[in-house]
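Please consult the display alongside the text.

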Amino acid sequence: MQKLLSISLFQRLAIGGTLGVVLLLAAKPAVSQAHVIEVLADKDSMFKISGQKKPEITVKAGEPVLLRITARKGKTWNRDGTVHGFTLLRAKDHGKIPGWNLELKQGMQEFNLTAPGEPGDYEVLCTVICSDNHEGMRIKFTVTP
Ligand SMILES: [Cu+2]
């Protein structure tokens with residue numbers, strides 16, 4: 001009886017350990033598979049993406065996105081230290097996308113986000129009056145199926 005019990009305890013530990021390893025293996029690729037996008041929100045009130053003349057972002061609907069943004073303050077900024085905004089809007093009705101209304105501070109910051117589930121045309125706008133050119137601080141944003 002004693003022996004039986006100790007075997008079943010060992011088996012339970014073994015199963016628990018195996019489950020733990022399986023969960024770890026399952027969790028790791030999800031992080032590394034995120035679509036990494038690096039953006040500079042610059043002091044001249046321009047969003048910049050290296051290698052692109054005009055800033056454009058294309059993501060797949062529903063994919064995990066790691067947004068890495070470096071922000072440099074322009075001529076003016078908000079009292080709470082927000083130097084630029086990064087807000088995603090649907091092009092057709094200017095509807096905001098939940099989770100994509102970001103306030104940027106000076107320096108580098110990362111956001112783990114999920115791409116919109118609905119394919120189509122979107123636009124990123126800066127929401128901080130950061131200079132006279134603030135209105136032009138935009139990124140064309142496309143969601144593919
Ligand atoms: Cu701005």
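S1 and S2 form a hairpin with five residues between them, where strands are DSSP runs of E with at least two residues and helices are runs of H or I with at least four, numbered from the N terminus. In the turn, Ser45 has a positive phi of about 60 degrees. The two strands, of which S2 covers residues 47-48, run antiparallel and are joined by two bridges; two strands count as paired if DSSP finds at least two bridges between them. Ala41 stands opposite Phe47 in S2.

Residues are numbered from 1 along each chain as its sequence is written. The model is predicted, and local features need pLDDT of at least 70, side-chain atom pairs count only at pLDDT 80 or more, and totals for chains, interfaces and linings use all residues.

S1 (residues 35-41) also pairs with S4 (residues 64-71), here in the parallel sense and over seven bridges. Within this pairing, Leu40 has Thr70 of S4 as its bridge partner.

Between S8 (residues 120-125) and S9 (residues 138-144), six bridges connect antiparallel strands, and Leu125 faces Arg138 in S9.

Of its 145 residues, 21% count as buried, that is, with 20 or more other C-beta atoms, placed from the backbone, within 10 Å of their own.

Technical notes. A residue is buried if 20 or more other C-beta atoms lie within 10 Å of its own, exposed if 12 or fewer, and partly exposed in between; C-beta atoms are placed from the backbone.
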